[in-house]
Amino acid sequence: MDSARSFDSVSIIFNPNSTGDAPRLADGLHNDLTRLLSYAPEITLRPTERAGHAVELAREAARQGNALVVSVSGDGGYNEVVNGVMQSGSSDTVCAVMAAGNANDHRRTTGTKSLPEAIAEGEVRRLDLLKITIGEEAEAETNYAHSYIGFGLTPVVAIDLEKGSKGAFKEMVTVVRTFAKFKPFEIRQTDGVHRRFDSLVLANIPEMAKYATLSEAEDHPSDGQFEVVVFPHMAKWKVLLTALRAASKGLGKQPSVSRYEFTTVKPMPYQLDGEVKSAPAETKVLVEAAPRALAVLG
């Protein structure tokens, strides 16, 4: 754990049009920090204006130096903030997240105390990130995930949920419909062998989607490795049973690696902490652990 920190600036990034409580929570955090902190940093509320704006705001805030960047959001919004901080090149910026989304997997599995209290105490710790590189050399695109990267069912369900309405029952109906029409995807491994999967999740936390326990790995997420959770292509009823097991008692111990590489066969979506992107056909995909890359509070 790093020594206790104070900051020159605190940037609170949130979506003012959030369907949740982000605006109210962001304002409340601003008031709490003004009251609790024993020093007087510049505390700024930074509302986003469009998709991807949080990346820009976080990058800008991190480049000011000795900064704390707080995302008041769910996992997807925090993903943007983390990527903005990583793009800044800053080595001393600290991140934090106040849960204001749907699943809030990262905060739920890694949080240790209330955020205002944690910021006031200033006890920084470091967590791993997942680094994904799509393509090679000059055309390569790199992004980071704080919790997981999913291929197959994970991004497809996310896309359909984004199109539909929120609410537990409507989400369940959407998932069932998506599952019914879902088809497996194919990848080519480094040894040239083709494999078909229903789902492939590379996880830096043991739980996702509010209910599913992916693994029983210890010292998450700061062990320099991530877990590989694979659903090979199988009958849909078997996939359903596996999903039910994940939601009830968990999937048990999964293999841990620091690197996972394959080549896409067809264009395929993938999900970074709830943010959906796409990889072209016949493209190298490399996922690596980035040990202790992210300094955090909370």
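1. Ring pairs join Phe151, Tyr260, Phe262 and Tyr270 into a cluster, where rings of Phe, Tyr and Trp (its six-membered ring) are taken to pair if their centres lie within 6.5 Å, with planes under 30 degrees apart counted as stacked, over 60 as edge-to-face and the rest as tilted. This is a predicted model, in which local features need pLDDT of at least 70 and side-chain atom pairs count only at pLDDT 80 or more, while totals for chains, interfaces and linings use all residues. Residues are numbered from 1 along each chain as its sequence is written, and side-chain values use heavy atoms, with hydrogens and water left out.

2. Four aromatic pairs are found when the whole structure is searched. One of them, formed by Phe151 and Phe262, is edge-to-face, at 5.3 Å centre to centre and with 80° between the planes. Because Phe151 belongs to strand 7 (residues 148-152) and Phe262 to strand 14 (residues 259-264), this pair ties together parts that are 111 residues apart in sequence; strands (E, at least two residues) and helices (H or I, at least four) are DSSP runs, numbered from the N terminus. Phe151 is buried, at a relative accessible area of 0%, and Phe262, at 1%, also counts as buried; buried means under 20% relative accessible area, exposed over 50% and partly exposed in between (1.4 Å probe, protein chains only).

3. The rings of Phe185 and Phe197 form a tilted pair, with centres 5.8 Å apart and planes at 50°. This pair links distant parts of the chain, with Phe185 in strand 8 (residues 185-189) and Phe197 in strand 9 (residues 194-203), 12 residues apart. Both Phe185 and Phe197 are buried.

4. Helix 2 (residues 53-62) and helix 3 (residues 75-88) have axes that come within 7 Å and cross at roughly 40°, the axes being lines fitted to C-alpha atoms over the stretch in contact, with angles running from 0 to 180 degrees between N-to-C directions. The two helices are therefore oblique to each other, given that angles under 35 degrees count as roughly parallel, over 145 as roughly antiparallel, 65 to 115 as roughly perpendicular and the rest as oblique. Residues making the contact (heavy atoms within 4.5 Å) include His53, Ala54 and Val55 of helix 2 and Glu80, Val81 and Gly84 of helix 3.

5. For the protein as a whole, there are eight helices and 17 strands, and buried residues make up 48% of the 298 residues. Among contacts with a separation of 6 or more, 72% are accounted for by residues 24 or more positions apart.
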